[in-house]
Amino acid sequence: MEKSTDEKKYNGLIIAVSIVIPVVVALLFSFKLKDFGFDVKPFTFLPPIYATINGITAVLLVVAVKAIQNGNRALHERLMKLAIACSLAFLVMYVAYHLTSVSTKFGDANHDGILDATELSTIGSLRLLYFFILISHITLSVAIIPLVLFTYVRALSERFDRHKKLAKITFPIWLYVAITGVIVYVMISPYYA
């Protein structure tokens, strides 16, 4: 079946956005606003907010899937638009935090700096789990950008057969990214300065 005109029209834009966002976010880690003379206090209040937004996104995704399974297309559409808006809000806050704050490393001692053998062993094991979750989260958060956008455009184009087929791939990945975003925050939150 031939792609609709709407799908073709957005393909280039989706590919560009899917490349530009991860590249720009990666580049933003190499400097802070203070490097350009902006005297901005660190936005240390943002991580719990954007972690909560990730949690809300996960709930929206599950409820949206249930809505479409129950035949409520209008509710499904509204919830999916809200999930996209939440993901966009997360991205803006995530970038704002990292433009103003020093990155926190997992396992940084924020007490007297002295760890006993049990603490070191526990941190070592948790660190491996943390990095597995973090790396899979980051990798899939890059992959989810084009998947969400292509899935959304297929719905806009009323190509629901193609939308449904791609949504079956997009949904579990997006849900994983949203849930692991919360888990990453919970795991690293004790180490925030």
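Let's start at Phe-43, which is partly exposed at a relative accessible area of 27%; here buried means under 20%, exposed over 50% and partly exposed in between, with a 1.4 Å probe and protein chains only. This is a predicted model, in which local features need pLDDT of at least 70 and side-chain atom pairs count only at pLDDT 80 or more, while totals for chains, interfaces and linings use all residues. Residues are numbered from 1 along each chain as its sequence is written, and side-chain values use heavy atoms, leaving out hydrogens and water.

**Confidence**
- The chain has a mean pLDDT (the predictor's confidence in each residue, from 0 to 100) of 88, and 87% of its residues reach 70 or more.
- Helix α2 (residues 46-69) has the highest confidence, at 97, and helix α4 (residues 117-156) the lowest, at a mean of 87; helices are DSSP runs of H or I with at least four residues, numbered from the N terminus.

**Aromatic rings**
- Rings of Phe, Tyr and Trp (its six-membered ring) pair if their centres lie within 6.5 Å, and planes under 30 degrees apart count as stacked, over 60 as edge-to-face and the rest as tilted.
- By this rule there are eight aromatic pairs.
- Phe-43 and Phe-45 make a tilted pair, 5.8 Å centre to centre with 45° between the planes.
- Phe-45 is partly exposed too, with a relative accessible area of 49%.
- Tyr-130 and Phe-131 pair edge-to-face, at 5.3 Å centre to centre and 70° between the planes.
- Tyr-130 is buried at 5% relative accessible area, whereas Phe-131 is partly exposed at 33%.
- One aromatic cluster is formed by Phe-29, Tyr-50, Phe-90, Tyr-94 and Tyr-97.

**Largest pocket**
- A pocket is an open set of points on a 1 Å grid over the protein atoms alone where a 1.4 Å probe fits, with protein on both sides within 12 Å along at least five of seven lines; lining residues have an atom within 4 Å of a point.
- The largest pocket holds about 1200 Å³ of space.
- It is lined by 40 residues, and Phe-90, Leu-91, Tyr-94, His-137 and Ser-141 are the closest to its centre.
- Helix α4 gives the largest share of this lining, 11 residues.

**Second largest pocket**
- About 700 Å³ of space lies in the second largest pocket.
- Its lining has 24 residues, with Ile-68, His-76, Met-80, His-163 and Ala-167 closest to the centre.
- Helix α5 contributes the most to the lining of the second largest pocket, with eight residues.

Conventions
Helices (H or I, at least four residues) and strands (E, at least two) are DSSP runs, numbered from the N terminus. Grid points are joined across faces, edges and corners, and a volume is the space filled by probe spheres set on the points.
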